[in-house]
Amino acid sequence: MFRAVRREKLVLPDDVCLDILRNGSYGTLAVLGDDDYPYAVPVNYVFDGAAIWVHCAPEGHKIDAIARHPRVSFSVVAADTVVPEDLSTNYRSVLVFGKAWLVTEAAQKVPALHALCQKYAPSVSMDVEAYIARMLPKTGVIKIAVEHISGKEGKNLAVARRKAAGMDYEADNND
């Protein structure tokens, strides 16, 4: 159902993909927007190992698009250093495919909002409970049930990672 990464030697192991998803500072949510144009927007998120949770307004372009077509993609970039002398980029990124919906039950929204607060503001001294309770009616939460994850990295990073793991990196036709 999902295409394999074309350059197999650049594929990131599952544990690295999961680490990138857990620790990324933001992701890009892509939906099928108005008039079937792609709509991709950067968002804050939290990944719990099975789903991605995004806070948002309870209405708008993302919400309308998801209601019409719940299949989405979500990407996180963990590295993106341009290497001019190689005409290359040292990058690591993860792409997720899944189904999304707007969560309406407080029993699911509140833990997601707690997780987001913990990720992005772990040392804030305000009463997070009171803040979440006050903002809950005005805050949307999107849940993305993850169906497929793939990750890829640039050749320089792949060579270094494989060497560190005691693996060979043999050039393929695309090197």
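**Hairpins, strands and cores**

Trainee: At 57% relative accessibility, does Asp 36 count as buried or exposed?

Mentor: Buried means under 20% relative accessible area, exposed over 50%, and partly exposed in between (1.4 Å probe, protein chains only). This is a predicted model, in which local features need pLDDT of at least 70 and side-chain atom pairs count only at pLDDT 80 or more, while totals for chains, interfaces and linings use all residues. Residues are numbered from 1 along each chain as its sequence is written, and side-chain values use heavy atoms, with hydrogens and water left out. Because its relative accessibility is 57%, Asp 36 counts as exposed.

Trainee: In which loop is Asp 36 found?

Mentor: Helices (H or I, at least four residues) and strands (E, at least two) are DSSP runs, numbered from the N terminus. Asp 36 has a positive phi near 65° although it is a residue other than glycine. Its place is the loop between β1 and β2.

Trainee: What is the relative accessibility of Asp 35?

Mentor: Asp 35 also lies in the loop between β1 and β2. Its phi is positive, near 55°, in a residue other than glycine. Asp 35 counts as exposed because its relative accessibility is 72%.

Trainee: How many bridges join β1 and β2?

Mentor: Two strands pair if DSSP finds at least two bridges between them. Strand β1 covers residues 27-32 and strand β2 residues 38-43; Thr 28 stands opposite Pro 42 in β2. Five residues separate the two strands of this hairpin. The pairing is antiparallel, and its bridges number six.

Trainee: Which residue in the turn between β3 and β4 has a positive phi?

Mentor: Strand β3 (residues 45-47) runs antiparallel to β4, joined to it by three bridges. Within this pairing, Val 46 has Trp 53 of β4 as its bridge partner. The hairpin leaves three residues between the strands, and the phi of about 105° in its turn belongs to Gly 49.

Trainee: Which residue in β7 stands opposite Trp 53?

Mentor: Strand β4 (residues 51-56) is mostly covered, with five of its six residues buried. Six bridges join β4 to strand β7 (residues 140-153) in an antiparallel arrangement. Opposite Trp 53 stands Lys 143.

Trainee: How many residues does the largest nonpolar core have?

Mentor: A nonpolar core is a set of buried Ala, Val, Leu, Ile, Met, Phe, Trp, Tyr and Cys residues joined through side-chain atoms within 4.5 Å. Those with the most contacts inside the largest core are Leu 29, Ile 52, Phe 74, Ile 142 and Ile 144. The number of residues in this core is 24.

Trainee: How many residues form the second, separate core?

Mentor: Its residues include Trp 53, Val 103, Ala 112 and Leu 113. The count for this second core is ten.

Trainee: Which strands do the buried residues of α5 pack against?

Mentor: In helix α5 (residues 155-164), the buried residues are Leu 157, Ala 158, Val 159, Arg 161 and Arg 162. Just after this helix, Gly 166 takes a positive phi of about 75°. With contact meaning heavy atoms within 4.5 Å, the buried residues of α5 pack against β6 (88-103) and β7.

Trainee: What share of the residues of the protein counts as buried?

Mentor: The protein has five helices and seven strands, and its C-alpha atoms fill a box of roughly 55 × 45 × 30 Å along the principal axes. Of its 175 residues, the buried share is 33%.
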